[in-house]
Amino acid sequence: MAKLGVLFLLLAIGFFGGAFAENVPVFVWGKPSVTYVPALTRYTSSEFAALVDAQIDENTFTIVFAEESLSTEDLSQCRLKTQTCFKNLQKIERKSYLPSVEEPLSVLDGSNAQSVQLLADGSLSERIVPQAGGIVVVNLSIGDYASHDALIDALFNRLRNEHPNILAIYTGKTPSFSYSTLVRKTRQADARQDEVEPELQILNTTGFLIAYETFEYGAADGATPLTTAKFDNVVRVADNSSDSAEQPTLHFKLTGAGATVDLFFLLTQGSWEITGVRFNEKEYYLRNRVHINQHFSYHCIHWEYYTTDLNEKIVFNEVQLQPFFANEEGVVATPDRFGDSWDCVGFTSGGILSGLFLILIFIIIGSYGISWMMDIRTMDRFDDPKGKTIIVNAAE
């Protein structure tokens with residue numbers, strides 16, 4: 001009956017205490033069987049109650065040592081000169097350590113548990129008498145971790161001598177460290193959720209498919225904010241498009257409110273390239289040439305075109321586009337998906353070049369070292385003290 005009462009108490013209070021969970025470390029020892037758990041495992045109140053219940057029976061006396069605040073950082077960082085504050089707890093060989101338990105005291109406190117206070121003089125408010133099925137909670141509210149460790153060691157040894165069937169638990173009421181980084185990350189996540197992500201714009205027509213987030217245009221000086229425009233239609237300009245087998249060309253016009261972009265494409269030797277870009281009937285130029293395999297699409301996070309005098313620019317953000325030329329049968333389909341993407345970022349970045357340069361230096365140094373070691377020669381003749389003295393000529 002005592003075991004069933006303890007289990008009911010643990011589970012009942014555990015369910016009601018889960019709404020305001022605070023995780024603290026827990027040590028369990030005193031029983032011959034030790035439960036070994038992974039170091040990073042987190043336990044809920046109900047899981048901790050099941051673990052405790054597996055180590056007690058009707059004749060077990062349970063004593064709980066409860067700190068006002070305790071965290072895993074206290075166990076590792078608390079020092080007295082060169083020794084840890086928990087030297088007696090550290091000496092216990094057979095113990096279970098649970099680094100993160102959800103409100104363990106909420107499943108241990110109860111009406112049938114005796115509560116004992118630690119007084120200012122280091123004594124307890126009342127004497128603890130162990131008995132079968134009893135539960136005693138010692139509140140360590142006064143003193144430091146080192147004095148509590150000595151008290152726990154002395155009290156546990158006395159109680160074990162009086163009642164060998166004993167289970168001891170050491171934990172805290174609240175964590176002593178506040179994890180502000182988790183709060184900061186949560187606030188940042190909430191702020192990101194409040195931000196409205198730009199909607200991806202997708203336009204397609206016969207032989208062409210484009211997707212982009214935003215389109216901006218304006219002065220290239222960086223001081224003046226760019227103007228955002230949205231395209232609502234794309235058409236193929238038949239006058240400047242040709243499906244000839246020698247050099248097929250395509251011309252597409254993107255139109256929107258106050259903005260028009262013309263894109264010109266050319267297919268040569270199995271690769272397509274952008275031969276011209278016009279914005280509002282004005283020529284713009286790309287600093288790097290776009291020349292891609294016929295079956296690939298072009299993707300760029302920040303795709304910029306400038307006027308010849310570099311005073312104005314247009315920008316496609318998160319853009320992906322692909323022209324589709326006529327197949328062998330002369331049919332041009334209306335696409336609904338892109339081919340494999342060719343990104344505008346080069347394959348060889350500054351970091352890769354730096355890494356290759358450092359590797360080359362290490363190879364040169366290693367080659368010199370190996371060659372010098374291979375040139376080391378050992379003696380092939382040794383002097384015999386009983387024989388004739390070895391004479392080495394200058395030529396040798």
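Which residues does UniProt list for "transmembrane region"? Residues 351-371, according to an unreviewed UniProt entry.

This is a predicted model, with local features needing pLDDT of at least 70, side-chain atom pairs counting only at pLDDT 80 or more, and totals for chains, interfaces and linings using all residues. Residues are numbered from 1 along each chain as its sequence is written, and side-chain values use heavy atoms, with hydrogens and water left out.

View 1. The UniProt annotation may be inferred rather than shown by experiment. In the model, residues 351-371 are 100% helix and 0% strand (helices are DSSP runs of H or I, at least four residues; strands are E, at least two). The end C-alpha atoms of this stretch sit 30 Å apart.

**View 2. The largest nonpolar core, with 32 residues.** Such a core is a set of buried Ala, Val, Leu, Ile, Met, Phe, Trp, Tyr and Cys residues joined through side-chain atoms within 4.5 Å, where buried means under 20% relative accessible area with a 1.4 Å probe, protein chains only. Phe-265, Trp-272 and Trp-303 have the most contacts inside this core. Strands giving it two or more residues include β17 (271-279) and β20 (297-306), but β16 provides the largest share, five residues.

**View 3. A second, separate core.** Here you'll find 27 residues, among them Leu-118, Ala-146, Ile-166 and Ala-168.

Notes:
Buried < 20%, exposed > 50% of the residue type's maximum accessible area, 1.4 Å probe, protein only.
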